[in-house]
Structure formats: structure tokens, C-alpha cells
Amino acid sequence: MAHAPISEAIQDYLKSVYKLQAAHGRVAIGALAKDQGVSPASASAMVKKLAALDLLEHERYRGARLTEAGEQVALEVIRHHRLLELYLAETLGVDVDDVHAEADRLEHVISEELEARIDRALGFPTHDPHGDPIPDANLEWPASGG
């Protein structure tokens with residue numbers, strides 16, 4: 001059975017939870033709301049939606065953490081974002097200070113085929129122009145860390 005496409009908002013939340021979880025373990029609703037620039041009520045509603053989709057687990061007063069499925073979506077979005085940043089900087093000459101905002105817009109709409117072509121054209125890079133690691137096509141972090 002095919003799943004409905006995952007919305008940009010869901011992708012953004014999953015990416016945010018991944019980042020916060022890596023830094024702090026379980027993610028509090030307040031921290032997620034702050035990172036997303038939304039009210040705690042909005043973040044709480046999205047956490048409930050993500051839990052219903054089995055993309056994260058939430059325990060009241062203990063916070064949220066991604067499920068394996070949620071982590072895979074987050075890693076895919078991170079991969080798209082960082083490949084796009086590198087492509088924009090190296091191939092199109094976009095200033096490194098400007099690539100983040102552009103990649104934020106494009107990361108949600110890039111096809112898997114275009115992702116693979118960009119990866120190949122860049123020589124299968126391991127780091128973006130900011131020095132952050134890029135997950136490989138199997139969504140594994142490079143040996144130098146993630």
C-alpha cells in the first residue's frame with residue numbers, strides 16, 4: 001500500500017527533531033516549538049500527528065524521539081539539503097552564505113533521480129560547503145561522523 005507524500009511541514013519537523021535529539025536526547029515540545037518558530041500548542045499538535053503516523057514516539061513529560069521510519073525521512077531530507085548546498089556553491093557559484101536558505105526551499109521537491117545525479121556529478125561528496133557530513137545514498141553517515 002502506498003503512503004501519501006510527506007508534507008514539507010512534516011519533513012521540517014522530523015529534521016528538527018533529528019537535530020535536537022542528536023544534541024539533547026529526547027526532545028521537549030518547548031524546544032521543538034522554539035526551533036520551528038511556532039507556539040508550543042502547534043508543536044504539540046504536530047507531535048501528536050507524527051506519533052499517529054508512527055514517525056516518532058512521545059511520552060508525556062519525557063519528550064519525543066524519532067522512530068526508525070521518522071529517522072529515515074529526516075536523514076533523507078538532510079541528505080537532500082546538504083547535497084543541494086554543495087551543488088549550489090560548487091556548480092552554480094552561489095555564495096556559501098546564501099546556499100542554506102535556497103536549499104531549505106529545494107530540499108522538499110528534489111526527486112531521487114536528481115539527488116543521485118547531483119551526488120554523482122559532485123563525486124559522491126561526504127561533506128557540505130559548511131563542513132557538515134552528508135549521509136550517503138544508503139543514509140549512512142560518512143566514517144568521520146554524523
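**Reading burial, phi and helix packing**

User: Is Y61 buried or exposed?

Analyst: Y61 is exposed, with a relative accessible area of 76%. Relative accessible area sets the class: buried is under 20%, exposed over 50%, partly exposed in between (1.4 Å probe, protein chains only). Y61 sits in the loop between β1 and β2. Some ground rules come next. This is a predicted model: local features need pLDDT of at least 70, side-chain atom pairs count only at pLDDT 80 or more, and totals for chains, interfaces and linings use all residues. Residues are numbered from 1 along each chain as its sequence is written, and side-chain values use heavy atoms, with hydrogens and water left out.

User: Which residues other than glycine have a positive phi?

Analyst: Most residues other than glycine have a negative phi. Y61 has a positive one, near 70°. D54 does too, with phi near 60°. D54 lies in the loop between α3 and β1. At 55% relative accessibility, D54 counts as exposed.

User: Where does a glycine take a positive phi?

Analyst: Just after α1: G25 has a phi of about 80°.

User: Which residues of α1 are buried?

Analyst: First, the names: helices (H or I, at least four residues) and strands (E, at least two) are DSSP runs, numbered from the N terminus. Helix α1 covers residues 8–24. Its buried residues are I10, Q11, Y13, L14, K15, S16, V17, Y18, L20 and Q21. They pack against α2 (29–36), α3 (40–52), β1 (56–59), β2 (63–66), α4 and α5 (96–106).

User: At what angle do α1 and α4 pack?

Analyst: Axes are lines fitted to C-alpha atoms, for helices over the stretch in contact, and angles run from 0 to 180 degrees between N-to-C directions. For α1 and α4 the angle is about 95°, with the axes 8 Å apart. Under 35 degrees counts as roughly parallel, over 145 as roughly antiparallel, 65 to 115 as roughly perpendicular, the rest as oblique. α1 and α4 are therefore roughly perpendicular.

User: Which residues of α1 and α4 meet?

Analyst: Contact means heavy atoms within 4.5 Å. α1 brings Q11, L14, K15, Y18 and Q21. α4 brings G70, E71, V73, A74, L75, V77, I78 and H81. By class, this contact has seven nonpolar, four polar and two charged residues. Nonpolar covers Ala, Val, Leu, Ile, Met, Phe, Trp, Tyr, Cys and Pro; charged covers Asp, Glu, Lys and Arg; the others, Gly among them, are polar.

User: How do α4 and α6 pack?

Analyst: Helix α4 (residues 68–90) packs on helix α6 (residues 112–121) at an angle of about 50°, and their axes are 10 Å apart. The two are therefore oblique to each other. E76, R79, H80, L83, L84 and Y87 in α4 meet E112, E115, I118 and D119 in α6. That contact holds four nonpolar, one polar and five charged residues.

User: Is D119 buried or exposed?

Analyst: D119 counts as buried because its relative accessibility is 7%. D119 lies in α6. Leaving aside neighbours within four places in sequence, D119 is in contact with R79, L83, F124 and P125.

User: Where is T91, and what does T91 touch?

Analyst: T91 is in the loop between α4 and α5. Not counting residues up to four places away in sequence, T91 touches L86 and L122. T91 counts as partly exposed, at 45% relative accessibility.

User: How far is T91 from G63?

Analyst: Check sequence and space separately. T91 and G63 are 28 residues apart in sequence. In space they are 41 Å apart, C-alpha to C-alpha.

Technical notes:
The expected span of a helix is 1.5 Å times one less than its number of residues.
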